[in-house]
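Please open the model in your viewer and keep the selection panel at hand. The tour below goes stop by stop, saying what to select and what is there.

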Amino acid sequence: MTGVQQEGDDQSVSLHLLKQKMADFAKERNWDQFHSPRNLLLAMVGEVGELSEIFQWKGEVPKGLPDWKEDEKVHLGEELSDVLLYLVRLSDICGIDLGKAALRKVELNAIKYPASKNYGTNDDSTAEMCG
């Protein structure tokens, strides 16, 4: 198993697999010495900047990116992946189980923003969760 999704491959990739791939990648290159939490965070922020540049002058973009060229979508996938991979590596270096932490956060958000009180609203208190 390479971890690279092939066309027609419907299997999802686990955070555990990504974590292991990133750890192996860094170890093979002797990069662990550079992968401090601070360095990884700053690298991730740089990648978020690159991701932001893709959308910078496009205005509002509809879901599914119907007007985008295939090469633009590929580039977007690469930048999204860079952010994800740094996030997975950062969580690993910090000893955080990212999957469990994310599920816990979803549960906390469900308590903080109950559907019965926040359904379809976009006021200041819920705007951060609405996107």
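Predicted model: local features only at pLDDT ≥ 70, side-chain atom pairs only at ≥ 80, totals over all residues.

Residues are numbered from 1 along each chain as its sequence is written, and side-chain values use heavy atoms, with hydrogens and water left out.

Select residues 37-55, helix H2, together with residues 70-93, helix H3, which pack at an angle of about 160 degrees with their axes 9 Å apart. Helices here are DSSP runs (H or I, at least four residues) numbered from the N terminus, and axes are lines fitted to C-alpha atoms over the stretch in contact, with angles running from 0 to 180 degrees between N-to-C directions. That angle makes H2 roughly antiparallel to H3 (over 145 degrees).

Next, show the side chains where the two helices meet (contact means heavy atoms within 4.5 Å): among them are Leu40, Met44 and Phe55 in H2, and Leu76, Tyr86 and Ile93 in H3. By class, the contact of H2 with H3 has 16 nonpolar, one polar and five charged residues, where Ala, Val, Leu, Ile, Met, Phe, Trp, Tyr, Cys and Pro count as nonpolar, Asp, Glu, Lys and Arg as charged, and the others, Gly among them, as polar.

The contact is made by Leu15, Leu18, Lys19, Met22, Ala23 and Ala26 of H1 with Leu84, Leu85, Val88, Arg89 and Asp92 of H3.

Finally, select Lys21, Met22, Phe25, Trp31, His35, Leu40, Asp82, Leu85, Tyr86 and Arg89, which line the largest pocket. A pocket is an open set of points on a 1 Å grid over the protein atoms alone, where a 1.4 Å probe fits, with protein on both sides within 12 Å along at least five of seven lines, and lining residues have an atom within 4 Å of a point. H3 gives the largest share of this lining, four residues.

How values were computed. Parallel < 35°, antiparallel > 145°, perpendicular 65-115°, else oblique.
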